[in-house]
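Subject: Structure handover

Hello,

Here is the structure for you to take over. Please look through it first; my notes follow below.

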Amino acid sequence: MTRRYLSMTQVAERLGVTLGALSHYRLPAPDVYVGRTRGWSESTIDEWNAARPGRGVGGGRPRKKK
């Protein structure tokens, strides 16, 4: 059975982001290295993405007090 792993480009496509944006993400540890190239299984990326905090969590300017 052949196992397939996702490259950085494929991970970006799966998440619907650009490769440049993906470079700022803290990705999980790769499942495999082929030379210096990292690879992730689809399940690793899907589980990691499901556990990521939602939009707007933990940042931004504090609201002004009235």
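Which side chain does the side chain of T44 meet in a polar contact of 2.8 Å? The partner is S41, whose side chain is joined to that of T44 by this contact. Please keep in mind throughout that this is a predicted model.

T44 is found in helix α3, which spans residues 42-51. With a relative accessible area of 18%, T44 counts as buried, because the cut-off for buried is under 20%. Once its neighbours within four places in sequence are left aside, T44 is in contact with P28 and D31.

Overall layout

The protein is built from 3 helices and 2 strands. Their order along the sequence is α-α-β-β-α. There are 66 residues in the protein, and 20% of them count as buried. The accessible surface comes to about 6,000 Å², with 48% of it belonging to carbon and sulfur atoms. Among the contacts with a separation of 6 or more, 44% are between residues 24 or more positions apart.

The nonpolar core

The largest nonpolar core has 9 residues in all: L6, V11, A12, L15, L22, L27, W40, I45 and W48. Helices α1 and α3 each supply at least two residues of this core. The largest share comes from α1, with 3 residues.

Helix α1

Helix α1 covers residues 8-15. Its buried residues are V11, A12 and L15. These three lie on the same side of α1, because they cover an arc of only 100 degrees around the axis. What covers the buried residues of α1 includes α2 and α3.

A12 is one of these buried residues. Leaving aside its neighbours within four places in sequence, A12 is in contact with V17, T18, L19 and L22.

Is Q10 buried or partly exposed? Its relative accessible area is 33%, so Q10 counts as partly exposed. Q10 and W40 are 30 residues apart in sequence, while the distance between them in space is 9.6 Å, C-alpha to C-alpha.

Just after α1 comes G16, which takes a positive phi of about 75 degrees.

The aromatic pair

How many aromatic pairs does the structure hold? There is 1. The pair is formed by Y25 and W48, with 6.3 Å from centre to centre and 45 degrees between the planes, and it is tilted. Y25 sits in the loop between α2 (19-22) and β1 (32-34), whereas W48 is in helix α3; the two are 23 residues apart, and the pair links distant parts of the chain.

Y25 counts as partly exposed because its relative accessibility is 26%. W48 has a relative accessible area of 16%, so W48 is buried.

In short

T44 is another residue found in helix α3, with S41 as the partner in its side-chain polar contact.

Regards

Conventions: Residues numbered from 1 in each chain as written. Predicted model: local features only at pLDDT ≥ 70, side-chain atom pairs only at ≥ 80, totals over all residues. Heavy atoms only, no water. Helix = DSSP H or I, 4+ residues; strand = E, 2+ residues; numbered from the N terminus. Buried < 20%, exposed > 50% of the residue type's maximum accessible area, 1.4 Å probe, protein only. Contact = heavy atoms within 4.5 Å. Areas by Shrake-Rupley, 256 points an atom, 1.4 Å probe, with all protein chains shown as cover. Phe/Tyr/Trp six-rings, centres within 6.5 Å; stacked < 30°, edge-to-face > 60°. Polar contact = N/O pair within 3.5 Å; in protein donor to acceptor, adjacent residues only side chain to side chain. Core = buried A, V, L, I, M, F, W, Y, C linked by side-chain atoms within 4.5 Å. Arc of directions from axis to C-beta.
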